[in-house]
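These are my notebook entries on a structure that I looked up. I set down what I examined in each part, in the order in which I took it.

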Amino acid sequence: MSQSQQLLVVKDLATTFDTPLGPLPAVGGVSFDLNQNETLGIVGESGSGKTVLSRTIMGLQQRRNVTVTGSVLLNGFEVVGASEEEKRKIWGLEVAMIFQDPMTSLNPVMRIGKQIDEILRVRLGMDRKAAKARAIELLELVGIPSPQDRYSVFPGELSGGMRQRVVIATALAGSPKLLMADEPTTGLDVTIQAQILNLLEEIKARMEMSVILVTHDLGVVATRTSRVIVMYAGRIVEMGTTRDVFSHHRMPYTRALLEGSPKVSNPSHTRLKAIPGRPPNLLNLAQGCSFAPRCSFATDRCRQERPELESTGTPGHSFACWNPLPTTRGASA
Amino acid sequence: MLIGIVFVITVGAFYLIHLLPGDPAVVILGTGDSPANKAKLYAQLGLNKPIYQQYFVWINNIIHGRLGNSFISGDSVWNTIKGAIPIDLEMMVISQILAFATAIPLAMRSAKKPDGLLDRILSAGSFTLLSIPSFIAIVLLVLFVAIDLGVPHTGVSSYVSLGTDWIGNLESLSLPSIVLAVGSFVVYYRILRSDLIATLQEEYITMARSKGISQRRIMWRHALRPSSVALLGTAGVNIGGLLAGGFIVQFLLDIPGLGYLLISSIGLSDYLVVQAIVLVVAVGVILINFFFDFLINIVDPRISRE
Amino acid sequence: MFVQETIEEVALADRPERKKKLGVLFWICVVWLAINLIAAIFANFLPVENPLIQNYNAINSSPSWHHLFGTDDLGRDIFARVVYGSRVSIEAGLGAMVIGFGLGAPLGMLAAYRRGKFDSILTMFMYIFLAFPAIIATIAILSFWTPRSLLKIIVVIGVASIPLVYRVIRTATLNVATKDYVIAAKVQGATDRRIMIKELLPNVAPIGVSFLLIGIATVVVLEGSLAFLGLSVNPPTPSWGNMINEARTILQVNPWLAIFPSLAMCLFLLCLNFIGDRLRSHFDVSESKL
């Protein structure tokens with residue numbers, strides 16, 4: 001695929017926090033691409049660095065104790081090192097983000113209509129009437145009933161699911177090409193989760209958008225994404241098409257993750273296998289593979305040398321492991 | 001409820017004044033006058049009736065809009081007071097405009113860069129100012145500044161009314177208004193700054209950022225409103241306090257406002273004037289509180305919903 | 001899991017958590033206040049002149065070795081008068097607060113905890129008193145309650161502050177009393193008294209202490225204001241407020257009479273406020289709650 005077709009190119013991205021306890025490498029050396037109209041999933045446990053990654057890609061890190069190295073090319077625009085002013089140009093119009101908790105993502109004292117059409121009035125110069133009309137359209141698009149009436153309500157008057165829809169509408173207002181969704185359904189009821197995810201799919205298709213879905217829920221990833229990145233301790237440990245990663249994974253961590261999540265196909269009362277041990281302390285990363293202490297396949301080499309990503313042979317599918325699981329591709333591969 | 005409060009206050013004011021020693025007859029006639037004359041005067045003034053009757057007479061008068069005539073000066077109480085009220089109002093308006101106009105932008109700057117140079121200077125400065133009582137400020141200002149600059153500061157009624165000469169008016173009110181403004185500024189700045197800092201950590205601010213909204217707009221349109229609740233509450237209390245307690249500033253600078261009038265009336269045992277002032281002040285404070293409660297509701301509708 | 005999340009949280013926090021240490025300045029202020037207190041108590045034993053002695057040979061003199069702060073228009077040593085004058089401020093501040101807190105705080109806590117009729121009636125009374133402009137009442141009462149004495153001032157201000165203390169303590173207790181751990185204690189069968197002492201008090205105390213310090217500062221300022229109206233202690237007893245008031249007429253001749261008591265009062269207030277502020281941030285009390 002040629003460079004010009006790729007919406008997002010991330011190369012050696014690393015985010016380090018300067019904490020009173022020492023430097024914390026929340027994200028260390030991440031590289032991947034994203035194309036138009038793709039849905040990419042980023043999975044990992046809490047603390048894997050996936051949230052930090054998503055915010056770093058957006059360029060939202062503004063704290064003074066953060067160092068970001070590497071490159072993030074969004075439609076040709078280099079995010080790393082750009083000034084806040086420059087980044088503002090792409091925010092909302094090229095890339096938008098939705099956050100986990102709809103309760104806190106919306107300004108509680110501002111009517112939702114105003115929050116949605118703000119970007120239209122301020123950034124795109126639409127007049128009030130036109131902006132309001134478009135906002136109502138968006139409300140309809142995200143499935144809010146009687147959008148004209150709802151235009152003037154406050155976020156507190158809506159339920160959680162509705163609020164998240166409003167958040168999505170707000171993000172979509174600028175017609176961004178990339179939507180970053182950080183755990184968009186985690187705070188919601190299970191039934192609503194499915195609705196919201198369906199909504200995202202619909203919108204993606206309609207608006208020809210790419211979506212990055214950051215989540216710890218493998219169930220979400222399995223059915224909604226075309227490609228997946230598995231993260232552990234701030235690094236990518238496996239990446240490829242969803243099918244490849246789910247059915248032909250090589251990295252033991254991926255296997256452990258999958259085994260730890262409930263599947264409908266399992267017979268009832270199947271015990272979920274929890275991964276032994278605890279996630280690594282990022283302040284004190286040991287040598288070698290970060291997963292080694294908890295890995296049942298770890299070898300001496302694993303403990304001493306950190307594995308780099310290598311390809312499996314199938315294009316687009318790579319993993320980082322010295323002692324990978326045997327390939328499950330049979331003669332059909 | 002409101003009426004109940006006002007009612008209680010009128011009762012309180014009335015009884016309080018009458019509990020106090022101090023005899024208007026003595027003031028009018030001078031001590032040592034014959035008891036017979038005193039009794040006559042009492043009857044004239046209606047002071048020989050039992051207290052509760054006097055109270056009802058007074059309330060009745062008030063309801064009919066008659067505040068009565070002062071025992072001492074013979075002047076209508078309303079006349080005496082009515083000149084003072086606009087002065088208080090003017091000082092309040094000027095000082096509060098100054099206070100808010102400086103506190104809001106400065107609090108915003110500080111909240112953007114907490115612990116930055118500006119923030120630290122303002123914190124230390126406002127803290128110091130907080131610890132300087134208004135009378136000390138005035139005395140020291142007079143000592144170091146006014147004497148040299150010739151700003152009118154002492155002398156009988158240096159106040160010039162608005163009708164006469166608006167430049168003189170502003171001049172004569174400048175010092176007291178500034179002193180009041182500084183006192184208010186210090187309080188407003190600290191509260192707004194701390195609330196703004198808290199608000200800026202909220203996720204909806206990050207969300208607004210991610211829409212590409214400018215810092216300025218975020219500050220004024222997104223952050224200010226949720227952070228204003230405590231500020232408005234404090235403003236209500238503060239302004240009410242100014243109304244009731246601004247007397248010291250007025251007294252020192254010879255501004256014939258309500259506070260000044262109150263002090264002199266107490267000194268003269270001029271009951272009716274004192275009562276009337278207490279009533280006006282109390283009602284004023286209540287109105288101010290209601291006004292600010294109303295503002296708070298507009299700014300943050302969550303409060304009423306909860 | 002927890003360690004990891006905490007670290008991420010710390011890292012993701014906008015600024016590194018401000019260390020809530022009390023700091024050097026805090027202790028300097030404490031020391032200064034202690035010095036004031038000791039000087040006030042032991043003034044008689046300190047190498048300080050008699051503040052009442054008038055020396056007509058040294059009227060309005062500037063500071064010198066003999067008279068550290070100079071003398072006033074009656075030849076009295078300003079330094080001595082400032083030191084003795086601190087008694088008035090300190091006694092007034094502490095005395096009024098003892099009354100205010102002594103009565104207001106227990107009532108507030110009790111009302112908040114017990115609720116019911118007791119609370120409703122008492123609170124209604126208190127709020128009615130609060131609606132009345134207390135300062136005016138204070139002035140009126142003190143104007144007529146002659147002869148002047150510090151005790152009267154303390155009593156009047158103290159009583160006037162009871163409703164305020166009541167309200168603050170009651171609100172604070174209400175916030176705590178509805179918390180789950182208090183209900184849990186109740187269910188476990190703890191007596192009311194035990195709950196009040198062990199659960200409520202420690203949580204209400206920080207707010208109480210903050211308000212106490214503010215209260216003392218307010219009373220000190222109030223004494224000063226009253227002095228300007230001639231309502232503070234009678235001359236020749238020195239008080240900071242009195243002295244500044246006396247200084248007004250002779251400002252150009254003798255600025256020292258204005259400067260030194262002002263300085264003493266401002267420093268005192270500064271230290272009080274600073275300590276209060278530091279304690280507030282140490283115990284995480286939001287200013288708006290006061």
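**Entry 1**

I began with helix H1 of chain A, which lies across S1, S2 and strand S4 (66-74) of chain A and runs at about 65° to S2(A). I note here that the model is a predicted one.

I then asked in what order the four strands of this open sheet stand. The order is S2-S1-S4-S5 in chain A, and the pairing is antiparallel. Strand S2 (22-35) and strand S5 (77-78) of chain A are the edge strands, each pairing on one side only. I looked up the pair S1 and S2 in chain A: strand S1 covers residues 6-19, and the two strands are joined in the antiparallel sense over ten bridges. Within this pair, Asp18(A) has Pro23(A) in S2(A) as its bridge partner.

**Entry 1**

S9 (residues 227-232) and S10 (residues 235-241) of chain A pair in the antiparallel sense over six bridges. Tyr232(A) stands opposite Arg235(A) in S10(A).

I counted the elements of chain C and recorded ten helices and zero strands. The C-alpha atoms of chain C fill a box of roughly 80 × 50 × 35 Å along the principal axes.

What would a straight helix of 37 residues span? It would span 54 Å at 1.5 Å a residue, but helix H8 (residues 192-228) of chain C spans only 47 Å between its end C-alpha atoms. I looked for a bend and found one of about 55° at Leu201(C), with a proline, Pro202(C), following within four residues. After H8(C) comes Gly230(C), whose phi is positive, near 75°.

**Entry 2: helices packed on H10(C)**

I examined H8(C) against H10(C): their axes are 9 Å apart and they pack at an angle of about 165°. H8(C) is therefore roughly antiparallel to H10(C), and the crossing is left-handed. Among the residues that meet are Leu213(C) and Val220(C) in H8(C), and Leu272(C) and Phe283(C) in H10(C).

I then took helix H2 (residues 24-41) of chain C, whose axis comes within 9 Å of that of H10 (residues 256-283) of chain C, crossing at roughly 135°. This angle makes H2(C) oblique to H10(C). H2(C) passes H10(C) in a left-handed crossing. The residues in contact include Phe26(C) and Trp32(C) in H2(C), and Phe268(C) and Arg278(C) in H10(C).

**Entry 3: where chain C touches chain B**

How many residues does each chain give to this contact? Chain C gives 34 residues and chain B gives 43. On the side of chain C, H4 (116-131), H5 (134-144), H8, H9 (240-247) and H10 give two or more residues. H10(C) gives the most, with eight residues.

Methods: Residues numbered from 1 in each chain as written. Chains lettered and ligands numbered in written order. Predicted model: local features only at pLDDT ≥ 70, side-chain atom pairs only at ≥ 80, totals over all residues. Expected span 1.5 Å × (residues − 1). Bend = angle between axes of the 7 residues up to and from the residue. Pairing = 2+ DSSP bridges. Axes fitted to C-alpha atoms, helices over the stretch in contact; angles between N-to-C directions. Parallel < 35°, antiparallel > 145°, perpendicular 65-115°, else oblique. Left-handed = near helix turned anticlockwise from the far one by under 90°. Contact = placed C-beta atoms within 7 Å.
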